[in-house]
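Let's explore this structure together with a few questions and answers. Have a look at the model first, then read on.

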Amino acid sequence: TGDIPAFPVVNPGLAPVTATITVTPHFALGGTSCDGPVQTFNITVNPTAQVNDPADQFVCHGALSAAVNFTTTNSGGTMTYTWVNSNPAIGLAVSGSGDIPAFSVTNPGTAPLIATITVTPHFALGGTSCDGPVQTFDITVNPTAQVNDPADQFICHGALSAAVNFTTTNTGGTMTYTWTNSNPSIGLAVSGTGDIPAFTVNNPGTAPEVATITVTPHFALGGTTCDGPVQTFDITVNPTAQVNDPAD
């Protein structure tokens with residue numbers, strides 16, 4: 001009865017809750033009360049806005065990110081989203097609204113770049129917009145894989161080569177290397193992975209044998225592997241020296 005004071009409204013659900021208030025007026029005079037026609041009005045309580053947590057992404061430098069299409073469990077109103085980006089160096093603006101389309105990511109360095117995206121959901125109905133708790137996700141841009149150029153080798157037939165231990169300036173991920181060999185007759189396989197241990201080189205001929213080794217670096221993080229430019233080096237196997245026997 002009487003006026004309705006302000007009160008904290010409650011709607012823990014995902015859709016608007018509407019209460020219809022029906023008010024009946026009573027006019028009293030001389031001990032007689034006369035009712036009048038009712039009036040109704042609604043109090044609609046919007047839910048707290050909600051946004052599902054987007055998946056983190058791991059992307060190679062120069063590749064396209066996956067588009068981020070924000071979703072929600074809310075219903076019954078208009079959902080909008082605003083977001084901020086902690087690291088615009090990856091190629092994404094500092095802030096924006098709505099979904100994030102695919103974009104070409106960038107990381108010219110040697111270590112991963114991580115951008116944390118913070119998205120705020122907004123639920124609007126009846127001219128009232130209700131914000132919800134933020135969600136965050138990361139876009140990690142892996143660097144291009146890099147391998148330092150190994151030194152060329154010159155070795156005598158039958159001797160041991162120097163072990164080749166590949167090195168890199170990359171950090172922050174797992175580095176692997178694959179390589180191919182243009183001339184397996186020197187005693188080295190046609191291809192392989194990882195470092196090349198010392199091996200006994202072979203050249204039974206009379207001229208040097210040259211094998212060109214092409215190594216490809218791979219940088220892996222977050223289930224994403226990024227290849228880099230190859231390096232090449234030569235292993236030259238000198239023949240055993242020979243001299244024809246002069247006549248007595």
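Q: Which residues line the largest pocket, and how many of them are charged?
A: In this predicted model, the largest pocket is lined by Thr 1, Gly 2, Asp 3, Ile 4, Ile 21, Val 23, Thr 24, His 26 and Phe 41. Sorted by class, this lining has 4 nonpolar and 4 polar residues, and the number of charged ones is 1.

Q: How much space lies in the largest pocket?
A: Rolling a probe the size of a water molecule over the atoms shows where empty space is left. For the largest pocket, that space comes to about 180 Å³.

Q: How are the rings of Phe 70 and Phe 137 arranged: stacked, tilted or edge-to-face?
A: The structure holds 3 aromatic pairs. In one of them, the ring centres of Phe 70 and Phe 137 are 6.5 Å apart. Their planes meet at 65 degrees, and planes over 60 degrees apart count as edge-to-face, so this pair is edge-to-face.

Q: How far apart in sequence are the parts that Phe 70 and Phe 137 tie together?
A: Phe 70 lies in the loop between β5 and β6, whereas Phe 137 lies in strand β10. Both residues are buried. The pair therefore ties together parts that are separated in sequence by 67 residues.

Q: What is the arrangement of the Phe 166 and Tyr 177 rings?
A: Phe 166 lies in the loop between β11 and β12, and Tyr 177 in strand β12. Both Phe 166 and Tyr 177 are buried. Their ring centres are 5.3 Å apart and their planes are at 40 degrees, so the pair is tilted.

Notes. Residues are numbered from 1 along each chain as its sequence is written. This is a predicted model: local features need pLDDT of at least 70, side-chain atom pairs count only at pLDDT 80 or more; totals for chains, interfaces and linings use all residues. Side-chain values use heavy atoms; hydrogens and water are left out. Rings of Phe, Tyr and Trp (its six-membered ring) pair if their centres lie within 6.5 Å; planes under 30 degrees apart count as stacked, over 60 as edge-to-face and the rest as tilted. Helices (H or I, at least four residues) and strands (E, at least two) are DSSP runs, numbered from the N terminus. Buried means under 20% relative accessible area, exposed over 50%, partly exposed in between (1.4 Å probe, protein chains only). On a 1 Å grid over the protein atoms alone, a cavity is a set of points where a 1.4 Å probe fits but cannot get out, and a pocket is an open set with protein on both sides within 12 Å along at least five of seven lines; lining residues have an atom within 4 Å of a point. Grid points are joined across faces, edges and corners, and a volume is the space filled by probe spheres set on the points. Ala, Val, Leu, Ile, Met, Phe, Trp, Tyr, Cys and Pro count as nonpolar, Asp, Glu, Lys and Arg as charged, and the others, Gly among them, as polar.
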